[in-house]
Amino acid sequence: MYLADYHLHSRVSPDAGDSMTALAEAAEAAGLDELCFTDHVEPIVWGGTDLRGPYDWSVLTKEFEAAQAAMGDRIKLRLGIELGDACWNFAHTEKLLADAPPLDFIIGSVHMLSKRYNGLDLYYFEPKTEEEAYDGIADYLGRVKVMAEWGKFDALGHLTLPLRYLNENRGWNLSMDRFGGEITDIFSILNRKGIGLELNTNRGGTPLPDKKWLEMYRRLGGEAVTLGTDAHAAKFVGCAVRERQALLRDCGFRRFCTFARRKPVWHEL
């Protein structure tokens, strides 16, 4: 069994604190074969909606080089990013990416609601009623669809992210069932553009997306799936990756992928 964690954040991200070296050491201890660092990059300033200035890629590359030097050939390390909320300004995003170093992998993700919600981060979304919650989810999926149509990334991250916050943090018991049409459209776009789907292990919580949507993705012809924990600390690196490989097999998948220089590398499940 080949084990890889393709979604984790080091101290280069504003919401994480461990070094890439510490994360790599944790991955080795957990028996992983490969790790891809995916620190946050957004076209807007963290915590707001103003466009950010040029991104200092040297911080990312120096941290990665230090991890490579520390680990040697003990584990395969890849450099990626989580490209969040590019839909806020695609032109500015493309300008930021033009200066990026060679990357192995880009997750495309949405964390913020639209201008209708003043760009509110889903983490802070506190609906008062179930219908308000579902309105927010609909807004989110609309943003995801726009980002998928843009398509300049390798895998779509944590598709059902609103459920992490609404159910696990806020105590709701919501599902994405009423949005089957919207999710079908998103999967169709991904398949047409050759973009993969992330199975986010959610650090051992409810998979994002869960079995129902993984099976739909497979039925619609989807095959490229990456696995990532979304770890923001060393203790979560590799969490539930083995179990989620089993879930993929149950959903009809026979392989998953890692990436090298933005090209998929396939591994049997």
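This is a predicted model: local features need pLDDT of at least 70, side-chain atom pairs count only at pLDDT 80 or more; totals for chains, interfaces and linings use all residues.
Residues are numbered from 1 along each chain as its sequence is written, and side-chain values use heavy atoms, with hydrogens and water left out.

Histidine 111 sits in the loop between strand 4 (105–109) and helix 4 (130–150). Helices (H or I, at least four residues) and strands (E, at least two) are DSSP runs, numbered from the N terminus. The relative accessibility of histidine 111 is 12%, so the residue counts as buried. Buried means under 20% relative accessible area, exposed means over 50%, and partly exposed lies in between (1.4 Å probe, protein chains only).

The side chain of histidine 111 makes a polar contact with that of histidine 158, at 3.4 Å. A polar contact is a pair of N or O atoms within 3.5 Å; within protein, one must be able to donate a hydrogen and the other to accept it, and residues adjacent in sequence count only if both atoms are side-chain atoms. Beyond its neighbours within four places in sequence, histidine 111 is in contact with His40, Glu82, Gly84, Asp85, Leu120, Asp121, Leu122, His158 and Leu161. Contact means heavy atoms within 4.5 Å.

The model holds 13 salt bridges, each defined as a side-chain nitrogen of Lys or Arg within 4 Å of a carboxyl oxygen of Asp or Glu. One of them joins glutamate 63 and arginine 11 (3.1 Å, N to O). Glutamate 63 belongs to helix 2 (residues 57–71), and arginine 11 to the loop between strand 1 (4–5) and helix 1 (20–29). The two residues are 52 residues apart, and the pair links distant parts of the chain. Glutamate 63 is buried, at 12% relative accessibility.

A salt bridge also forms between glutamate 28 and arginine 74, with the closest N and O atoms 2.8 Å apart. Glutamate 28 is in helix 1 and arginine 74 in the loop between helix 2 and strand 3 (76–84), so the pair ties together parts 46 residues apart in sequence. Glutamate 28 is partly exposed at 32%. Arginine 74 is partly exposed at 43%.

Lysine 152 pairs with glutamate 94 in a salt bridge, the closest N and O atoms being 3.2 Å apart. Lysine 152 occupies the loop between helix 4 and strand 5 (155–156), and glutamate 94 lies in helix 3 (residues 90–97), so the pair ties together parts 58 residues apart in sequence. Lysine 152 is partly exposed, at 43%. Glutamate 94 is partly exposed, at 31%.
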